[in-house]
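Here is a friendly walk through one structure, looking at its ligand site and then its salt bridges. Have the viewer open as you read.

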Amino acid sequence: MKILKILTPALFFFLGTLAAQPIYDESKVPAYELPDLLTSDGGQSIEDQSDWMDIRRPEILQKFSDFVYGSYPLNIVQTEVSRVDVATEALDGVAIRKQITIHFVHEGDTADMSVLIYLPKADPNPTPIFFGLNFYGNHTIHVDSGIDITDHYVRNNNDLHIFNNRATEGSRGLRAHRWPVELILERGYGLATIYYGDLDPDYDDNFENGIHGILVDQRRRHELAFSGISAWAAGLSVAMDYFETDQDIDHDRVSLLGHSRLGKAALWAGAMDQRFAIVISNNSGCGGAALSRRKYGETVRQINERFPHWFCKRFHNFNDKENELPVDQHMLLALLAPRPVYVASAEDDRWADPRGEYISLVHAGPTYELFGFDVIENHELPATNERRWSGQMGYHIRSGPHDITTWDWEQYLDFADVHLGQRELKR
Ligand code: GTR
């Protein structure tokens with residue numbers, strides 16, 4: 001008896017640890033059935049583009065808002081551009097650099113974000129741009145000494161010279177390997193980026209900080225509707241409002257991209273805001289491109305427990321109950337239709353479930369077919385480092401770890417050339 005008393009808790013602990021181990025074995029992926037893309041909640045078969053746009057798309061968007069990401073917190077907030085800083089001889093004279101500060105205002109409270117923009121100086125026309133959030137501050141994407149150092153909260157990372165949650169001069173350029181600015185400019189595109197911590201610092205404080213912080217009353221009233229990912233996505237849309245006013249930017253050709261958690265935010269922003277011409281998910285994984293029902297690598301429970309503030313509160317009800325989710329992530333990709341979409345994985349990034357990211361794209365296909373596009377149908381992953389493109393869809397799986405590399409960027413630049421016609425514009 002005594003022995004049992006001692007062993008039982010140990011056994012439970014052991015079983016608990018086993019349950020928490022991620023699945024990395026394809027044969028252990030459970031059988032699952034995905035929610036039907038092309039049948040409306042009322043049972044109507046979705047037959048064409050207008051059925052999709054008028055009936056099914058709004059239904060699915062609402063479900064992601066209600067059960068996964070929460071709503072945009074910004075519909076009641078005013079925004080205003082408060083500072084425009086322009087350098088016409090940036091990066092040894094090849095670029096124009098702009099730093100735009102945008103204020104969010106609500107009942108006297110304010111928050112602000114800074115948009116860093118590089119444009120190729122040689123282009124007299126409005127320039128198409130790539131656009132995405134960054135992890136450690138705008139000044140970390142390039143060594144350019146003219147970039148303002150963020151004074152907002154930054155996650156500590158001693159390698160990056162960030163101490164006491166504040167960035168230092170030593171962190172300038174330390175994420176430059178993820179942002180090949182000169183290559184992007186040479187290829188005829190501009191680049192815009194925002195530090196994601198301007199919008200919502202990445203820690204759980206029940207939505208008191210960032211742009212949530214100016215909406216405290218709203219938070220109390222609409223607690224279910226808040227999430228970090230929605231705050232990050234909202235910032236992307238507000239920047240798009242600005243791009244529409246900037247004569248130097250071709251706002252009809254903005255390619256939105258994001259890596260990892262910022263890939264999740266890019267997909268959600270692209271779904272909510274159809275002004276983004278192309279949407280690119282780089283290793284976005286669980287809660288991004290990857291199918292939740294596969295439970296391979298990171299699961300809904302694991303992501304909710306480690307990052308309780310990323311998704312809305314209702315998403316936590318689906319811990320270990322992925323099959324009960326009213327959506328799965330192929331439906332998020334389908335919300336991007338008919339616009340070009342690119343999903344990219346990395347071979348060693350099993351935590352993000354490369355196969356789940358790929359299959360999700362395949363399952364978004366029926367929506368793209370409604371618009372008359374060819375789709376990716378092959379259920380087998382393409383060879384590593386070979387891209388598979390069809391119609392509006394692009395996919396590759398790169399060798400190596402969870403990251404965004406220059407090789408990844410080269411694929412995105414080529415993809416944008418094909419879909420936005422950039423090549424013809426080049427001098
Ligand atoms: C991991 C998280 C992933 C991914 C990644 C990142 O810890 O489990 O979902 O978002 O962080 O953003 O770097």
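## Around the ligand

In this predicted model, the shell around the ligand consists of Phe135, Ser260, Arg261, Lys264, Glu298, Ile303, Arg306, Phe307, Trp310, Trp351 and His402. Sorted by class, that shell holds five nonpolar, two polar and four charged residues.

For Ser260, the distance from a side-chain N or O atom to a ligand oxygen is 2.7 Å. Arg261 places a polar side-chain atom 2.5 Å from a ligand oxygen, and for Glu298 the corresponding distance is 2.6 Å. On its own the ligand has 320 Å² of accessible area, and the protein covers 85% of it. Helix H7 (261–272) and helix H8 (300–306) are the elements that each give two or more residues to the shell.

## Salt bridges across the chain

Side chains of opposite charge can pair when their charged atoms come close. The model has 29 salt bridges. One of them joins Lys63 and Asp41, at 2.7 Å from N to O. Lys63 sits in helix H2 (residues 49–69) and Asp41 in the loop between helix H1 (2–20) and H2, 22 residues apart. Lys63 is buried, at 14% relative accessible area.

Another salt bridge pairs Lys98 with Asp248 at 2.8 Å, N to O. Here Lys98 belongs to strand E2 (residues 95–106), while Asp248 is in the loop between helix H6 (228–243) and strand E8 (249–259), 150 residues apart. Lys98 is buried at 7% relative accessibility, whereas Asp248 is partly exposed at 32%.

Methods: Residues are numbered from 1 along each chain as its sequence is written. This is a predicted model: local features need pLDDT of at least 70, side-chain atom pairs count only at pLDDT 80 or more; totals for chains, interfaces and linings use all residues. Side-chain values use heavy atoms; hydrogens and water are left out. A residue is near a molecule or strand if one of its heavy atoms lies within 4 Å of it. A polar contact is a pair of N or O atoms within 3.5 Å; within protein, one must be able to donate a hydrogen and the other to accept it, and residues adjacent in sequence count only if both atoms are side-chain atoms. Accessible areas come from the Shrake-Rupley method with a 1.4 Å probe; for residues, only the protein chains shown count as cover. Helices (H or I, at least four residues) and strands (E, at least two) are DSSP runs, numbered from the N terminus. Ala, Val, Leu, Ile, Met, Phe, Trp, Tyr, Cys and Pro count as nonpolar, Asp, Glu, Lys and Arg as charged, and the others, Gly among them, as polar. A salt bridge is a side-chain nitrogen of Lys or Arg within 4 Å of a carboxyl oxygen of Asp or Glu. Buried means under 20% relative accessible area, exposed over 50%, partly exposed in between (1.4 Å probe, protein chains only).
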